[in-house]
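Reader: I would like to go through a protein model with you. Could we look at the sequence and structure together?

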Amino acid sequence: MDRTIPIEEQKKKRRRRLMTWGGGAIVVFAALIVGAVSLQPSVARQSIAFSTVDVGVLEISINAGGTVAPAYEEIINSPIDSRIVEVYKKVGDSVQAGQPLLKLDLQTARTDYDKLLDEEQMRQHKMQQLEINNQTKLKDLAMQIRVSEMKLNRMAVELRNERFLDSLGAGTTDKVREVELNYEVSRLEYEQLRQQYENERRVMEAEEQVQALDLSIFRKGVAEMRRTLEEAQVFAPRAGVLTFLNDQIGVRVAKGEQLATVADLTRFQVKASIADSYVDRVVQGAKAVVKSGDAMWTGVVNHVVPTSKDGNIDFTVQLDTVGDATLRSGLKTDVHVVYGVKDRVRRIPNDTYYLGAGKYELFVQTGDNTLERREVELGESNWDYVEVLSGLQEGDRVVVSDMNAYKNNKELRLK
């Protein structure tokens with residue numbers, strides 16, 4: 001026989017069923033949440049680098065590629081065609097001014113020099129001979145002029161006598177005319193000799209000047225040859241380090257061929273090149289920062305080539321650093337030339353993400369364990385910082401690592 005279940009008992013059973021269903025629902029909901037969280041893209045916190053947006057001064061610069069070179073170096077070329085007979089130093093040696101580096105074969109050059117000396121002496125003797133001959137000719141002409149003058153004076157006396165006799169009736173008109181004609185002929189001969197003497201003197205002076213000039217030019221050639229012989233004794237022109245030396249004994253070298261290079265390796269400069277569209281920003285005296293890896297040096301632009309070559313302009317930066325062992329000739333560097341300054345700029349550290357002014361998609365930390373992709377506009381830059389124009393505020397933490405693998409994700413979880 002069935003009996004009626006008390007109402008209290010029915011309520012208890014109903015509550016138990018509700019609790020069972022509710023617990024199951026909670027478990028299912030929690031499982032869904034855990035599954036959703038586990039499926040959200042994530043990135044390891046220690047694998048990325050963060051930077052914090054701050055506000056400060058920004059020295060605006062442009063970037064160029066450069067190569068380190070000695071600030072001072074001197075190339076020694078062969079002054080003559082010769083061959084190397086002795087070598088006294090090797091590349092890398094420190095040298096002082098006047099120290100011998102190598103020796104050239106000078107026998108042929110000395111023989112040529114001796115011939116020039118003999119020819120100089122012969123030219124000098126010819127010059128003296130010309131002067132003596134000219135003096136002799138002028139003396140002969142002067143003597144002829146004196147004889148002609150005496151003859152002219154005698155003819156003048158005869159002319160006066162004939163004219164006196166003719167006035168007394170003791171002479172004849174024909175005789176007077178004959179004496180007058182002789183006198184006129186003698187006077188013309190005298191004037192001719194005087195003119196010849198003056199002409200000869202001028203010609204001789206010009207000829208002697210030409211000979212003297214020719215001798216002077218020849219002597220300059222002799223002096224040049226003597227200087228060439230002295231330079232053929234190859235000495236260090238200044239204190240420094242030998243960065244190049246032709247040390248092949250017996251090899252022939254042509255005139256003008258490089259023999260050695262002496263450089264001052266305590267001071268350096270950077271030879272750089274940049275697109276000519278930036279020519280108005282690279283000026284002499286501008287501050288420059290040179291970087292190679294983690295090393296950084298400061299300097300000043302000291303020369304800008306005024307002409308463009310293949311769309312680029314060349315310039316040099318004189319470094320302030322002296323005696324830095326990390327600097328070496330041929331080292332490739334980045335050169336940052338400062339051309340402006342901005343105050344109170346929102347900025348983030350410069351890194352590989354920055355490719356020039358424009359819009360970027362950067363990840364910003366929005367919670368303890370979340371990153372949000374955000375559009376950020378960046379402006380000017382220098383070797384340390386990049387200007388933030390929009391999209392970030394002071395204090396924001398920004399990922400500056402390479403995040404191309406997550407470019408399609410709007411959010412990331414930090415783990």
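This is a predicted model: local features need pLDDT of at least 70, side-chain atom pairs count only at pLDDT 80 or more; totals for chains, interfaces and linings use all residues.

Reader: How many salt bridges does the structure hold?

Author: The structure holds 16 salt bridges. The term means a side-chain nitrogen of Lys or Arg within 4 Å of a carboxyl oxygen of Asp or Glu. Side chains of opposite charge can pair when their charged atoms come close.

Reader: Which residue forms a salt bridge with Arg83?

Author: The partner of Arg83 is Asp105, and their closest N and O atoms are 3.4 Å apart. The pair links distant parts of the chain, 22 residues apart: Arg83 belongs to strand β4 (residues 82–87), and Asp105 to the loop between β6 (100–104) and α2 (107–168). Helices (H or I, at least four residues) and strands (E, at least two) are DSSP runs, numbered from the N terminus.

Reader: Are Arg83 and Asp105 buried, exposed or in between?

Author: Arg83 is partly exposed, with a relative accessible area of 31%, and Asp105 is partly exposed at 28%. Buried means under 20% relative accessible area, exposed over 50%, and partly exposed in between (1.4 Å probe, protein chains only).

Reader: Where does the pair of Arg219 and Glu120 lie?

Author: Arg219 and Glu120 meet in a salt bridge at 3.2 Å, N to O. Arg219 lies in helix α3 (residues 173–232) and Glu120 in helix α2, 99 residues apart, and the pair links distant parts of the chain. Arg219 is partly exposed at 34% relative accessible area, whereas Glu120 counts as buried at 17%.

Reader: What about Arg373 and Glu361?

Author: The side chains of Arg373 and Glu361 also meet in a salt bridge, at 3.6 Å from N to O. Arg373 is in strand β16 (residues 370–381) and Glu361 in strand β15 (residues 358–365), so this pair ties together parts that are twelve residues apart in sequence.

Reader: Which residues are linked in a network of salt bridges?

Author: Such a network links Glu198, Arg201, Arg202 and Glu205.

Reader: Changing topic, what is the order of strands in the open sheet?

Author: The open sheet of four strands runs β7-β6-β4-β9, with antiparallel pairing. Its edge strands, β7 (233–235) and β9 (252–253), each pair on one side only. Two strands pair if DSSP finds at least two bridges between them.

Reader: How many bridges join β4 and β6?

Author: β4 and β6 pair over three bridges in the antiparallel sense. Ile84 has Leu104 in β6 as its bridge partner.

Reader: And what does Gly285 touch?

Author: Gly285, in the loop between β10 (258–275) and β11 (287–292), touches Val300 and Val301, not counting residues up to four places away in sequence. Contact here means heavy atoms within 4.5 Å. The C-alpha atoms of Gly285 and Val300 are separated by 5.6 Å, although these residues are 15 residues apart along the chain.

Reader: Finally, is Leu168 buried or exposed?

Author: Leu168, in helix α2, counts as exposed at 58% relative accessibility.

Notes
Residues are numbered from 1 along each chain as its sequence is written. Side-chain values use heavy atoms; hydrogens and water are left out.
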